[in-house]
Each structure stands twice: as C-alpha cells, then as structure tokens.
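Let's take a walk through this model together. Have the sequence and the 3D view open as you read.

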Amino acid sequence: MSVSQEVSPLIRPRSKILTRFGHELNWGDFVFRRVTASLAMLMLAALAAMAAAMVYGSAESLSKFGLGFVTAQVWDPVRDVYGALPFIYGTIASSLLALCFAVPISIGVAIFLSELAPAWLRGPVGFLVELLAAVPSVVYGLWGIFVLAPWLRNSVEPLLARTLGFLPFFQGQQRGFGMLAGGIILAIMITPTISSVSREVLRAVPSSLREGALGLGATSWEAVRVAVLPYARSGLVGAIILGLGRALGETMAITMVIGNRSEISASLFAPSYTMASVIANEFSEATGSLYLSALAEVGLLLFVVTVLLNVVARLLVWRVGRLPEGGSL
Amino acid sequence: MFSRYARRKFTDVLVRSACVAAAVLALIPLVSVLYYVTSRGIGGISLAFFSELPKPVGESGGGMANALVGTCKLVFLACLFGIPPGVLAGMYLAEFGHTRFGKWVRFSADVMSGVPSITVGIFVYSLVVLQTKHFSAFAGGVALSVLMLPTVTRTTEELLKLVPESLREAALGLGVPKWRATLSVMLRTAAPGIATGVMLAVARVAGETAPLLFTAFSNPFWSSGLNEPTASLPVNIYNYAVSPYEEWHRQAWAAALVLLLLVLLLNVSARLLVRQRVGAP
Amino acid sequence: MLARRNLLVGLLLGLIACKESQPAPAPSATEAAPVLKQDEAVSLTGAGATFPYPLYSKWISEYNKLNPNVKINYQSIGSGGGIRQITANTVDFGATDAPMKEDEAKQASGKLFHIPATIGAVVVAYNLPEVTGTLKLSSEVLVDIYAGKVKRWNDPKLKADNADAKLPAKDISVVYRTDGSGTTAVFTEYLGKVSAEWKEKVGVGKVVRWPTGLGAKGNEGVTGQVKTTPYTIGYIERAYASQNKLPMAELRNKAGKFVAPSIEAMSAAANAVEMPAELVVSLANADGEGAYPITSYSYLLVYEDAKDATKGEALAKYVWWGLHDGQKFAKDLDYAPIPATVLSKVEARLRELRSGDRKLLSGA
C-alpha cells in the first residue's frame, strides 16, 4: 500500500543517536561496535590474566635469579639451580627450522590448490591437507619415534653427513632423535594451518585482479606474483604467524623426538630441549616452590619470546614495503 | 641467449612444478601417518569399542564409549565458548582494527596462539578447578575454547578484510546500516573461509591432551552433565599409548582413528552447512 | 538446508544429553570377600603416580563389581600432580612413588597418611643383538655407564662380569627419563646409595641433571628407544620390559649376588627391610640374598581426618579391600604383593582413619 512496504526489509529508518563527532549513528551500529569491542577486550583480558598469573607464579624465581635465569645454562632441580638459555635456544631454533620447511611447502600447496590444480583435484587434496591438523599430537609423537627417527637415523642423516658434513650443522652422532626430527615434526604439524588459511586467503582475492594480469599477457605464476600475492600479503603473513604460534607452543609431539637434553649445539643432529617441553615434562612431578616458580618463569619467557618473534615478523613485513592491504583496492 | 619470453615461460613451469612438488611433499607424511594409524588401529575397532566402558588390563573387550561422548561434549563446549566470541572479535578487528586498541587486540591474539596448551590448562585449572574444588567437563571446555579463540579471531579478521569493498558499498548504497552490511553481506561472503579457520581450530582442540589433564581429568565411568570429570579420546589415547600393554596400544590406535573420523565428520558437516547458506558465488 | 542444520544441532544435543546409561553390571564375583553394603552412591576421585595405574584400575574395576554404588576415578597425572591435588583437596586420595617431603606435607590441610599399597621394580633394559644370555651389571658399572665413564660395550669392566657374552665394540647409547617421574627417583636413589660420588655430583630426585645420554619421554619413550635403537640401555618399570619382551639385566645386590628382577626378588627386598611406624621406607639396595636392588613401594595418600564421613568411609573400605583382596591381582600385572609383616602395620594405621571423632573402619 504505502511506499515503505515495497522497500527491502533491510532498510530501517535512521535513529537520532549522535556520536561526539556529530555523526548520526544507527543504534544498531552502536551496539554492534560495543559488543564486538567487548569480546575483543575479552581476548586482551585473557592474555593479560595469563601473563599476570605467570608473573605472579614466577615471582620467587625472578627475585632469586634475576636476569641470570635467561643466560644461565644449568637446569638442576636437585640443587635448585635453574637457567633457561638452552630452552630458549631450542624453542627458537626448532620453530624457525619448522618455518623454513613449512612456509615454502604450505604456500606452494596453497598456490597449487587455489590456482593450479584442476577442479576435481582441489577438494580431495585440500581436504587431505586439513586432515593433517586433525591428527592428535600424541599420534605424531609416536609416529615420530617409530617411523621418522629411524628413517632419519638410517637414511637421511648419513647422507647429510656425507655430503654436507663440513658444515657445523651436520656433525655429531647420528641418533635420529634431535633438532632435525623436532623441526620436521613441527613443520608437518603447522603445514595444515598455514596452507589452509593461505588457500582461503588466495581464494578470496577477486578474480578480476588475476584476470587483469593474465589479460596483459602474464604467465600464471607472474599473475600470481604480481596481482594476487601482494593483495593477499597481510592474510598470508597472518597465516604464517598462526603457524609460528602453533610451532612455539607445541608440546607433546616435539618432546617425544627432540632428545630432551638441555645443551646448545649448532648441529641439527644434536638433541635439544624446548620451553614448552620442559614445562610439560616436569610440571606434573614438580614439587618445591622454587622449582614450580622456575617452571612458571619458563612459561613467562615463552610468552616473551612469542612476543618478540611476532614483533620481528611484523617489522619484516613493514620494512619490505607497504602496499595497500587487501580489501581496499 | 634465451628469449625473454622463453625465460618467463621457464620460470612459470619451474614454479608450477615446485608447487606440485610441495603438495606431494605435504601429503607424504600424511599418508605415512594415516597408514600407521589405520594399520594399527583398524584391528581395535569393533562394536564393543563404541558401546562399552574401558576395562582393565587382562580383561578382553572394553571400549571407549564414554571417551567418545566426552570428546563430543568437550568439543561442543569449546565451540560454544570459542566461536561466537572469536568471530565477533574478528569482526571488530576487521572493521575497527586500525585503532590503537585494535592493534593491541590483534597482537594479543597472535601471542595467545603461541601459548602452549599445557599453560592454558594450568591457567584454567587455577581459574576454574581450584575455585570449584573439582574437575569438570566445563573446565575442559573452557580450556579448549581459550585455545581456539586466537585462530578463529585472526582467520575471521583476515578473511573479512579480503571481501571486496564493492560489496559493502553496494549494501550501504541501498541504505543498509553498517552493522547489518557487515553481518549479512561481508560475513556471509567470507563464511566458507571462516568455516575453514574454525574447523582448523576445532580439529586441533579435538586432539589436545595436555589442557584436559588438569581440567576435565578423565573418568572410567560415564559422566553425567557438565560438572563431572569426563573421559575424552585424546587423554585415553595418551594414557593407553604410554602403557606397556599391547592390547591397550591397539585401543589407543583405534581411538586415534575414531578421533580422525570424528573430526572429518565435523569438517564435512561444517562445509555443507556453510555452502548452503552462501550458494553459488 | 534448515532441516540439515537442525538435524546436526539435534544430534549434538542428543549426545550431550546422553547421560550415564549404566553399563550392564558384570556378574558379581563369587568371592569370599565380604560384600560391603552401602546404600548411597559414592564417587571418589584420586590422582597420582603413573606406575601403579594398571593395578589401581584393576582394583577399581573389581571393587566396582562387588560394590556397584562406589565409583572410583583414578588418573595418573604423576606423583607430583597427585601430591598437589590432594593438598589442594580437589581429589579424595593421592598416590605417589616417592614419599612426600616435609614442606609438602605442611601445605596439606590435615595430616596425610602414606599407605604402602604395592611394590614395583625398576629394571635396566638393553638392546644388544649379539648377546644371547642375560647381561650382568654390577652397581659400579651401572653408575659408570650413566656417568659416562664406561662408554663402550666391550669395556673391560663389563667384560669382567660377563665373560661368556659377545660384547660388541660399540658405543653405549644411554637413555634416561626426561620427564619428572618416580621411576627416576627410585633409580637415582639406588645409584646414590651405591656411589657417594653420584650422590654428590648428580644427586637424587625425580628430575636430575644427567651427565650423559638422551632423554625420552615416559616409560614408553625409553622403551621405544631401547627397542628401536641397537646398543641402547635404559631404565624402565618392570611391566614395560616384560610386556615388550625386552631383556632385563641382572644386577648385583648388596649381598653380592646377581639377581634378576623377578617377583620373588622384589618380595625378598621388601621382606629384608624393616617397616617403620611412619610406613615410609626405601627398598633400594636392600640386604638379603635374593633381593633385587632397585625395588620400591608405591604409596597411597589418605587424609587421617576425612571431611566427608561417607566418602571417608567408602575410601577406607576400598583401601582395606585393596590391601587384602586386591593384592592377588598384583603378580599378573608385574607388581609384588605387600608382605604380611608390613600388612599388619598398615592395618593398624588404617584403623586410625577417622572422620571427626568417628573411626571409619569399625572392626573390619
């Protein structure tokens, strides 16, 4: 009858709430912003609470060892002497090694799935890669002990020692268990995260960009490199950081294959120990307030390392060059 | 020597084969792990597995029915507590993330994704279990949701940011309020991608053991409701796998296989649900 | 579409609502043991050591057959975890291999009794393809291997005790436990007792700083490494070695004899050591001809004064049953039963359990 009934039900009359900048604001927008902001605040609050709990828990250890905790290498619960440097090294080295393996492979898989694969192959392969994420950590660990480590010990490490043995990375006793095994298992575990999110990101890039480049005569790789990747850069970096986070925090699988010796060695064959592993290994049995406090401090240090690596990653992205972020072309 | 075109073509072929090689490389460990789990676990799958309670060593039969139900409960709780806040927080970051507050939230999501699952478990232990003085499925669900939150949030944010502005502008041009445009248009378009991120997070937490040890504990019997300790597949897998007994190992592998199938099922159903809503692009 | 979504939601809710459908009660065992009658359903939780988990889960299952209204939930989160949970009162009883220390006991809300529930042994497993007989290790050699002083299998010290074994000229791969565990505590306690140097340089505890070797996670991790890597040596719980058919070394005990870790040898060790009033004692390096030197008790932790009388009584009755009827399940699961001399002292202790002024076990 009246005009309003023919109009789309999405349209509502505007309200008269005025924000302080004089913009007329719909009450729906107001509520939306506040609700989502409060939930975002929840995330911040959860993190702050965890950080606070860890600082509180590690108070005793912080006061006793101070900065020496980060530089000392001796971890001796019998004598109540604690130093976390080998764990810091182990965590950073294993995570970076995992990224070295996982990022090229994951981005390659993502490009394959979004650009190169024929339509009938995309579904199954994408689905299989995501299946990697569903395998429980414990199962990866056991597979690592019974399949990966023996394979490394018998086939890979001798080969590396023969061909690249002059490098300090490939020297020392070959046991199968060690930094290399840890890095590989972590890489396998973070590949589904990075590749799935990257694939979605690449898929979300409007095809007009790709088609534009192709129309100008680019090969498909050039089209991806010039048109798709820059647009998707923020999303890809986000995917990689998620993968990095997972690598830093992984506990079960890596502790089963990394050898768990708190030593710092350049060799990939040598055993190592990560911060998450030491917490998982020793927390259940730890008794004694200084011991528990030292473990809490290791958790706090892991926090700090995560923060630092995140900052470095963001800085790298920023330095490489600022391009318009996705969505605003 | 080579024409410029030949060089370009060569690079193209090189990169394309590298991508194919990457896909193959990524699938090799999967095939190996799947083969390993299936070959060891298929023998343990039987009707008894799905209907009976665990039996101690030396007694034949026994299954993990309570663990299966427990995992479903825990995943449900994790999704309940983790998905709505995660998606909404992600929407906030996509819309208003350029503010200083938004930057801090994004940063904290990234940092939180790196917190080891055992730390989250200990945190929720002191938050929930010590206050209620008992272990419960509720505490387990909370711990898992905390693990899910960063992944869901960041994935939602990144995918929402990638939806072309033209869609939003079109909606706004029709007079749709901004919030409605975000929910009905942007979110719907990004939904399949967000579903992927959500399923990734769910797949990960469905297989987590460490946070459950101090929160949901475990239970050899059925647990009723949400306030009792509950058995779960990952914890059972862990307990059985680290035991000395071959028959328990077999059950652990069978449970791992069932867990994989469960996550697969969730994955497929999530895809189906989302696909229906979006329709053909 | 809507139907599909609703179906899924309904399925999920149905699973949640799937409450305890009581499993069909197993036919009650025709035991001579008195069936304890209690009308109300009682639920007990316990946490602690991994080592006695198989035995306790057998006890729980058997006890539940006799008393279907008593449900006990024991989870192995580690001795330290057990101590922490019982101190925080989130569980009704704890279990630990290594006894609580003074400062730990102070943090509990009441007095905690250690109840020795069973006996286990730590064995030294090895992987030597060439050696057919059993390896014999003296205490000095074992200490030297773990200290990194004896590095090769064909070292003269090893040859001295194993004259007719074909010891290969290979490096010894030493494996230790990386996670905190009672097994390590028992093993290092033995090493500390036989070597003053070990006690001083490395020490005794659930986690120590090992001079050499690789760390594996859990008994199963060490077992896995020993099983898959030749020329490896590691220490594990007896059940893991026997279940995985790993050869176990014979150790020379205090009396000078090489003893294999059999149940009889474990019992011999327990019989040789006098149990003090506190019911806490170390069995490492016990006297006695046939004693296996790395044996240890595993304890249950129970509050002397139970806050909840019903739960306290149920727990007391369960522990009493475990220490009497439960002991017959020990041997099949690679544990040794508590000797009779110790049992009488434990009984006296259990009779002291009370809730307020009421004694929980009245003339059982």
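Two strands count as paired here if DSSP finds at least two bridges between them. Helices (H or I, at least four residues) and strands (E, at least two) are themselves DSSP runs, numbered from the N terminus. What you see is a predicted model, where local features need pLDDT of at least 70, side-chain atom pairs count only at pLDDT 80 or more, and totals for chains, interfaces and linings use all residues. Residues are numbered from 1 along each chain as its sequence is written, while chains are lettered from A and ligands numbered from 1 in the order in which they are written.

Let's start with chain C and its sheet. Eight strands of chain C form an open, mixed sheet in the order β2-β1-β3-β11-β4-β8-β6-β7. At the edges sit β2 (70-76) and β7 of chain C, each pairing on one side only. From one strand to the next, the twist averages 25°.

Now zoom in on β3(C). It pairs with β1(C) in the parallel sense over 3 bridges, and G48(C) stands opposite A95(C) in β3(C). β3(C) is also joined to β11(C) by 3 bridges, but these two run antiparallel; here G94(C) stands opposite L301(C). Which way do the residues of β3(C) point? F93(C) and A95(C) point one way, G94(C) and T96(C) the other, and all are buried (a residue is buried if 20 or more other C-beta atoms, placed from the backbone, lie within 10 Å of its own).

Further along, β4 (residues 112-126) and β8 (residues 232-237) of chain C pair in the antiparallel sense over 5 bridges. V123(C) has I236(C) as its bridge partner in β8(C). Helix α3(C) packs on the sheet, touching β1, β3, β4 and β11 of chain C, with touching, or contact, meaning C-beta atoms placed from the backbone that lie within 7 Å. The direction of α3(C) makes about 155° with that of β3(C); axes are lines fitted to C-alpha atoms, for helices over the stretch in contact, and angles run from 0 to 180 degrees between N-to-C directions.

Next, look across to the neighbour: 25 residues of chain C are in contact with 22 residues of chain A. The largest share of chain C's side, 4 residues, comes from α3(C).

As for chain A, its secondary structure comes to 12 helices and 2 strands. Buried residues make up 51% of its 329 residues.

Note on methods
Two residues are in contact if their C-beta atoms, placed from the backbone, lie within 7 Å. A residue is buried if 20 or more other C-beta atoms lie within 10 Å of its own, exposed if 12 or fewer, and partly exposed in between; C-beta atoms are placed from the backbone.
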